[in-house]
Amino acid sequence: MMAAMTPPDSPDTARRIIVTGCDHAYFELVTELIASVRDHTDAPMGVIDCGMNHEQLAWLQARGIRVITPHIPDYAPARAVKRRPSLAINICKLWLDRMLPDFDLILWIDADAWVQDGQAIERMFAAAQGGTLAIVPEIGAKIANLLGVRWICPGWMQIRSFLYKNASRARLPFGIRKRIGAKPLLNAGVFCLRRDATIWPVLRRWQALILPRRGMAFTQDQLCIALAVYIDGQPVTFLDNSHNYIGPWLLDSTTGQLANLFFPHAPVGIVHMASQTAMRTALENTMPVPTVTGGEVSLNLRYSGLRRLSASRGAA
């Protein structure tokens with residue numbers, strides 16, 4: 001007689017953790033990520049230490065934030081990691097189940113992201129509860145060509161998508177490049193997984209193949225995720241772009257919150273400042289952001305930038 005399967009823990013009872021990683025340069029962004037999470041939940045948090053200083057580590061420990069030592073597999077390019085220690089963050093993403101054995105559900109959020117709506121955290125955990133990868137595909141997330149192409153002549157074009165270019169750089173067979181080249185990128189800036197999910201060893205199998213190859217340390221995490229899902233058929237649950245929002249940017253001036261481009265312009269759940277180098281560097285750096293009502297404001301997209309805007313509105 002077959003034994004009954006034990007159902008997975010509910011999101012309310014599972015041991016959950018929210019994890020990020022940084023070096024000393026990104027530490028200020030991590031403090032803002034932590035503050036934004038604490039606006040909504042007291043769930044345990046951890047930070048992978050890839051070059052923080054003693055004062056920064058003490059700040060985290062004084063607030064009960066777990067400091068995590070990175071795991072670097074033997075096949076990682078040691079010279080590249082030594083020259084740029086923050087590369088360990090991208091490598092470690094695929095080892096979180098081994099690095100965090102005390103937790104059932106692991107939510108990763110990049111250091112250059114922050115939480116505006118706490119329901120996004122709960123939905124990420126809920127989506128991963130059954131053992132699938134919870135992640136956001138880059139479909140309609142920004143006004144751009146969905147599939148990067150270069151037209152050579154009428155009727156002929158070259159695929160230039162992120163996945164195709166990186167699979168080519170990794171020297172993967174053309175059959176694999178063809179199968180993933182037109183697929184949407186699965187953005188590894190925010191994702192959630194159970195520690196016992198079946199995808200973990202599959203991710204690391206691809207990583208062991210790709211990581212030693214020149215120039216792949218920074219992008220291998222997203223390529224490995226795509227290969228595990230699109231080639232190996234690992235189970236995935238897609239969430240809408242509000243759970244890892246990278247633009248276009250829109251402000252609801254009545255609430256002071258960043259809003260989704262798409263009607264009815266609901267509040268963005270997790271703001272991800274990918275490619276926003278200037279704003280990540282200093283709060284004084286801003287960009288023009290349109291408002292839902294047709295106006296425009298000068299705004300820094302960081303958590304502190306929105307708080308500064310709210311404070312100025314309150315003082316007006």
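Predicted model: local features only at pLDDT ≥ 70, side-chain atom pairs only at ≥ 80, totals over all residues.

I began with the strand order: an open sheet of seven strands runs 3-2-1-4-9-6-10, and the pairing is mixed. At the edges I found strand 3 (66-68) and strand 10 (236-238), each of which pairs on one side only.

Strand 2 (residues 45-49) pairs with strand 3 in the parallel sense, over three bridges.

**Strand 4.** Which strands does strand 4 pair with, and in what sense? With strand 1 (residues 16-22) I found four bridges in the parallel sense. With strand 9 (residues 186-194) there are five bridges, and the sense is antiparallel. Two bridge partners went into my notes: Ile17 with Ile106 in strand 4, and Leu105 with Arg194 in strand 9.

Next I asked myself how many of the five residues of strand 4 are buried. Five of the five (residues 105-109) are, so strand 4 is largely enclosed by the rest of the structure. In a regular strand the side chains alternate between the two faces of the sheet. I checked the directions here: Leu105, Leu107 and Ile109 point one way, Ile106 and Trp108 point the other way, and all are buried.

**Across the other strands.** I then turned to helix 10 (residues 220-230), which lies across strand 6 (133-137), strand 9 and strand 10. Helix 10 runs at about 60° to strand 9.

**Aromatic pairs.** I counted three aromatic pairs in the structure. One of them is Phe27 with Trp59, edge-to-face, at 5.7 Å centre to centre and 90° between the planes. Phe27 lies in helix 1 (residues 27-38) and Trp59 in helix 2 (residues 54-62), so this pair ties together parts that are 32 residues apart in sequence. Are the two buried or partly exposed? Phe27 has 10% relative accessibility, under the 20% limit, so Phe27 counts as buried. Trp59 has 26%, so Trp59 counts as partly exposed.

I went on to Trp114 and Tyr303, whose ring centres are 5.6 Å apart. Their planes stand at 70°, over the limit of 60, so I noted this pair as edge-to-face too. Trp114 belongs to strand 5 (residues 113-115) and Tyr303 to helix 12 (residues 303-315), so the pair ties together parts that are 189 residues apart in sequence. Trp114 and Tyr303 are both buried.

**Charges over rings.** I looked up two of these. Arg204 has its charged end over the ring of Trp95, 4.7 Å from the centre. Lys183 lies over the face of Tyr230, and the distance to the ring centre is 5.7 Å.

**A hairpin to finish.** Strand 14 (residues 287-290) and strand 15 (residues 296-299) run antiparallel and are joined by four bridges. I marked Pro288, which stands opposite Ser298 in strand 15. The two strands form a hairpin with five residues between them. In the turn I stopped at Gly294, which has a positive phi of about 100°.

Technical notes
Residues numbered from 1 in each chain as written. Heavy atoms only, no water. Buried < 20%, exposed > 50% of the residue type's maximum accessible area, 1.4 Å probe, protein only. Pairing = 2+ DSSP bridges. Phe/Tyr/Trp six-rings, centres within 6.5 Å; stacked < 30°, edge-to-face > 60°. Lys NZ or Arg CZ within 6 Å of the ring centre and 35° of its normal. Contact = heavy atoms within 4.5 Å. Axes fitted to C-alpha atoms, helices over the stretch in contact; angles between N-to-C directions.
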